[in-house]
Amino acid sequence: MEGKIMKNEYCITWKLYQSWAFENLLKGARLVFLIFWSLFGLILLWLGLSGGFNIFFIILTIYCFYRAFLRNFLFVKRQYQLLAKSYGKENWTRTITFEDECILLTEGPMSFQYQYADLVNIRESDNKIWLIFNNKTVIRLYKNAFVDSDWAECKAFLSAKRLETAGEQTPNHTEKKEDA
């Protein structure tokens, strides 16, 4: 693939940013906290209403539901507004360029380089692709957002780069072999 540069380019809007936050809300520890705060809020609501109207339990219930549902939304909204302000526009373009030596992510005035050797996993679902790196950084791609190439071509390129860099690295773990 020498010479040809592949790009994945898409516009980040509030709706897209919000969908990313919602996807992450339903995973791992965030899902556990969502369930915890919801159940705790329901218990407090029951305590507040069962023994007569107790304002203390009602206030705690409101706080629990705020933590479970509203807090993350407000945090994501504020984060998006700060990014939009720093980029000078409400919507901006994210470009992921697959160069020979590295993956270059450009967003607004900032650029980040990721090494192919650090790429540990690739996940796909429908139109979405996640490149997962060893430091738990994730780059999102969209199959329909490739410029002058497609996902099949990029996937083959990434597979070749992963094989190429796998030979250059030494393993950071040892495998246990069981005696038969």
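Guide: A residue is called buried when its relative accessible area is under 20%, exposed when that area is over 50%, and partly exposed in between, using a 1.4 Å probe and protein chains only. The model is predicted, so local features need pLDDT of at least 70 and side-chain atom pairs pLDDT 80 or more, whereas totals for chains, interfaces and linings use all residues. Residues are numbered from 1 along each chain as its sequence is written, and side-chain values use heavy atoms, without hydrogens or water.

Visitor: Why is Phe36 called partly exposed?

Guide: Its relative accessible area is 42%. That value lies between the limits of 20% and 50%, and Phe36 is therefore partly exposed. Phe40, at 35%, belongs to the partly exposed class by the same test.

Visitor: What makes the pair of Phe36 and Phe40 stacked?

Guide: Rings of Phe, Tyr and Trp (its six-membered ring) pair if their centres lie within 6.5 Å; planes under 30 degrees apart are stacked, those over 60 edge-to-face, and the rest tilted. The ring centres of Phe36 and Phe40 are 5.6 Å apart and the planes meet at 10°, so the pair is stacked. The two residues are four apart in helix H2, which separates them by about one helical turn.

Visitor: How many aromatic pairs does the structure hold?

Guide: There are 18. Among them, Trp14 and Phe73 have centres 5.9 Å apart and planes at 70°, which makes this pair edge-to-face. It links distant parts of the chain, since Trp14 is in helix H1 and Phe73 is in helix H3, 59 residues away. Trp14 has 17% relative accessibility and is therefore buried, whereas Phe73, at 36%, is partly exposed. Both also belong to a cluster linked by ring pairs, together with Tyr10, Tyr17, Trp20, Tyr80, Tyr87, Trp92 and Tyr142.

Visitor: How do you know that Lys77 lies over the face of Trp14?

Guide: The criterion asks for NZ of Lys or CZ of Arg within 6 Å of the ring centre and within 35 degrees of the ring normal. Lys77 lies over the face of Trp14 at 4.5 Å from the ring centre. Arg123 lies over the face of Trp130 in like manner, at 4.7 Å.

Visitor: What else connects Arg123 with Trp130?

Guide: The two are bridge partners, Trp130 being in E6. Strands (E, at least two residues) and helices (H or I, at least four) are DSSP runs numbered from the N terminus, and two strands pair if DSSP finds at least two bridges between them. Strand E5 (residues 119-125) and E6 have six bridges and run antiparallel, so they qualify as a pair. They form a hairpin with two residues between them, and Asp126 in the turn has a positive phi of about 50°. On E7, Trp130 has Arg140 as its bridge partner. E6 and E7 are antiparallel over five bridges; their hairpin has four residues between the strands, with Lys136 at a positive phi near 70°.

Visitor: Why is E6 described as largely enclosed?

Guide: Five of its six residues are buried, so the rest of the structure largely encloses this strand.

Visitor: What makes E4 and E8 edge strands?

Guide: An open five-stranded sheet has the order E4-E3-E2-E1-E8, with antiparallel pairing. E4 and E8 each pair on one side only, and this makes them the edges. E1 (residues 6-12) is joined to E2 by seven bridges, with Glu9 opposite Thr95.

Visitor: Which elements does the protein contain in total?

Guide: Its secondary structure comes to four helices and eight strands. From the N terminus on, they run β-α-α-α-β-β-β-β-β-β-β-α.
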